[in-house]
Amino acid sequence: LLVVSFVLAALVSAPALAHLKIDGTWSYRYYSRETGSGALSRCQNNTGKVDPINLIFYQYGEYNRIDQHIRNETHLGNFTGHSPQLLCQTDNGSSWGTHAEFNEQQGHGCLTHCLERAHMRLWFAPHGHSSNVDKWTVAGVHHEEVQDFSHVIDEDWEIWETHIASEMYDHHNVYWYAYSRVSAGYYRGWYDDGYVTRIGGLHDGAY
Amino acid sequence: MARTDGRALTARLGAGTALIASGLALAAAGLTSASPDGRSAVAAPSADAYVYRVSVEAPGTEAVPSRVEWVAPLSGAWRVDGDHATKIYADGRYVVVDPDQGAFVRSGSRWFLGDLPDRAVVRDALRSHVLGRAARDGVSTRLIAGRTELSFSRRGIRYRATVVERLAANTARARALFTVPNELVTSFSAERRPGSRASVPVVPYWFGSAVAGRTAVGSVEHSSKPIRGNPERVANPRGEAILYITFYELPEAGGQSGATPGQDTTPEGEIQVVSQPRSLARTRGMLEAADGVNGDLRYEPWPRSQVELAKGEQAMLVINRGEAPAPGPDGEPVWREFWVVTESTLTAVIGSFTEAEARTLAERLMPVG
């Protein structure tokens with residue numbers, strides 16, 4: 001019955017919501033996943049969480065444009081040496097797909113020669129939208145420092161969600177605390193308020 | 001099976017609100033005047049006669065860059081000025097001072113601080129040098145152009161550190177090297193003994209000292225005002241948070257929890273019990289999501305049902321259906337979190353639960369203290 005209701009809800013409501021939600025359930029999981037064997041199982045079983053996906057670029061959030069806007073308007077930019085993660089996505093609430101990231105960006109430091117950095121992973125919507133207004137991209141951003149050849153998170157997840165949105169605020173509509181995803185709590189040792197900030201894709205009101 | 005009783009959660013704020021709301025003013029005042037225990041955000045180290053400014057590098061590698069650390073080697077206090085923020089550890093407190101967003105303070109034991117006290121690379125080697133036991137501890141020292149150079153290994157990596165400045169502790173204090181003005185503090189998190197009374201204005205709930213084979217290993221109080229910076233965000237009432245969290249862990253967690261920094265993920269089987277006042281805007285936002293209003297999205301309200309808690313208190317039980325469930329062994333949905341809503345508090349229980357398990361656990365919740 002639950003599956004049937006999910007499918008019916010998806011058929012009825014998905015187009016209007018740009019596939020963000022299937023009735024009351026989000027069409028992508030809140031945490032990214034590692035690549036490699038067993039990734040699909042991790043998505044299906046909601047295990048193996050890595051980073052909160054704490055930003056959504058919607059509406060007019062076509063990924064190439066958003067990627068470019070982030071490079072132009074924040075202190076982040078492209079780099080080599082990506083460490084890809086996956087987005088878990090569903091069309092019906094029960095069967096899952098894994099989707100590779102579109103790009104990574106970093107700033108306020110760097111990967112190999114710096115003390116620290118801000119690091120963002122971007123995923124485009126894993127399905128097409130015929131209308132520009134429905135297009136969306138999501139991102140997970142955090143801050144980390146170099147410790148003995150590894151990178152460790154060193155600030156609350158909230159700080160960098162806010163930081164990036166503030167840097168884009170001058171040219172984009174920013175909806176602070178736009179969506180409640182999960183309860184606030186501590187994840188991997190750092191505070192996450194469970195809300196996702198929404199950033200509109202229009203730049204100074206134009207596409 | 002949960003049932004929908006047709007009542008909107010957001011319409012049920014009751015008499016408890018006024019008490020909580022008046023407490024909020026106290027919390028806000030506390031944030032701008034002092035940390036919860038009344039001390040400065042970070043205390044200046046008292047055990048050291050000198051504080052050292054040290055340049056650290058890892059010869060022969062590009063992966064670990066040169067960095068400058070201020071270290072008080074005996075107390076273990078340190079300060080690192082990074083690209084955008086300053087990090088300070090002293091006297092059981094770790095602070096991030098972000099000039100754009102404010103200062104974030106956390107205090108507690110190793111359980112809550114994890115490896116944060118150890119993130120000054122040179123601390124142990126410098127301590128060995130100051131105490132005159134460098135050779136015994138495997139630290140080689142030499143004088144080059146009047147400066148002390150230390151060579152040592154840490155976690156398998158060879159480092160070279162040069163002391164570039166030595167300050168008397170009084171001078172370090174006068175220069176406020178390890179002190180953060182309280183007016184900068186926008187967020188604090190403090191470890192509490194599980195079951196201890198809340199010092200932030202929330203009526204917290206928990207399961208007692210153990211539940212479902214898990215032990216209450218620690219509690220955290222978290223309070224944050226809107227982060228500084230963007231005026232529109234500062235003005236958004238959802239930026240205020242007051243939380244009391246108790247962490248329950250399986251024995252396999254080995255002293256770690258989701259509150260412990262430096263981990264790749266949360267320990268398997270962890271349950272977090274997160275209580276926050278219903279009067280907060282951010283809590284109302286969660287209840288609106290349960291009622292089918294989440295930003296610009298609209299959907300059918302999530303089912304909810306009445307539940308009697310351990311001490312006879314009546315509450316509403318709601319499963320957060322925003323995150324899609326995982327399939328259980330017999331096909332039953334397994335959810336990430338459920339919410340128990342009382343007159344004063346929304347308590348989110350985070351873990352992995354079927355609907356039946358959520359109800360059984362909810363019936364065991366009781367106020368802390």
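This is a predicted model: local features need pLDDT of at least 70, side-chain atom pairs count only at pLDDT 80 or more; totals for chains, interfaces and linings use all residues.
**View 1. Chain A on its own.** Of its 207 residues, 66% count as buried. If you look at contacts in chain A between residues at least 6 apart in sequence, 61% of them join residues at least 24 apart. The accessible surface of chain A comes to about 6,700 Å², with 55% of that belonging to carbon and sulfur atoms.

**View 2. A salt-bridge network in chain A.** Here we zoom in on five charged residues. A:Asp51, A:Glu101, A:Glu104, A:Arg121 and A:Arg188 are linked to one another in a network of salt bridges. Over all chains, the count of salt bridges comes to 29.

**View 3. Where chain A meets chain B.** On this interface, 63 residues of chain A are in contact with 82 residues of chain B. Together the two chains bury about 6,000 Å², and 50% of that is on carbon and sulfur atoms. Six salt bridges are found across the interface, along with 35 residue pairs in polar contact. On the chain A side, the residues touching chain B split into 29 nonpolar, 19 polar and 15 charged.

**View 4. A salt bridge between A:Asp154 and B:Lys87.** The side chains of these two residues meet with N and O 2.6 Å apart.

**View 5. B:Glu288 reaches B:Arg238.** In this salt bridge the closest N and O atoms are 3.3 Å apart. B:Glu288 sits in helix α6 (residues 281-290) of chain B, while B:Arg238 is in the loop between α5 (231-235) and β14 (241-249), so the pair ties together parts that are 50 residues apart in sequence. B:Glu288 is partly exposed, at 29% relative accessible area, whereas B:Arg238 counts as buried at 18%.

**View 6. B:Arg336 and B:Glu337, a buried pair.** These side chains also meet in a salt bridge, with N and O 2.3 Å apart. B:Arg336 counts as buried at 11% relative accessibility, and B:Glu337 counts as buried too, at 1%.

Definitions and conventions
Residues are numbered from 1 along each chain as its sequence is written. Chains are lettered from A and ligands numbered from 1 in the order in which they are written. Side-chain values use heavy atoms; hydrogens and water are left out. Contact means heavy atoms within 4.5 Å. Buried area is the accessible area (1.4 Å probe) that two parts lose on being put together, summed over both. A salt bridge is a side-chain nitrogen of Lys or Arg within 4 Å of a carboxyl oxygen of Asp or Glu. A polar contact is a pair of N or O atoms within 3.5 Å; within protein, one must be able to donate a hydrogen and the other to accept it, and residues adjacent in sequence count only if both atoms are side-chain atoms. Ala, Val, Leu, Ile, Met, Phe, Trp, Tyr, Cys and Pro count as nonpolar, Asp, Glu, Lys and Arg as charged, and the others, Gly among them, as polar. Buried means under 20% relative accessible area, exposed over 50%, partly exposed in between (1.4 Å probe, protein chains only). Accessible areas come from the Shrake-Rupley method with a 1.4 Å probe; for residues, only the protein chains shown count as cover. Helices (H or I, at least four residues) and strands (E, at least two) are DSSP runs, numbered from the N terminus.
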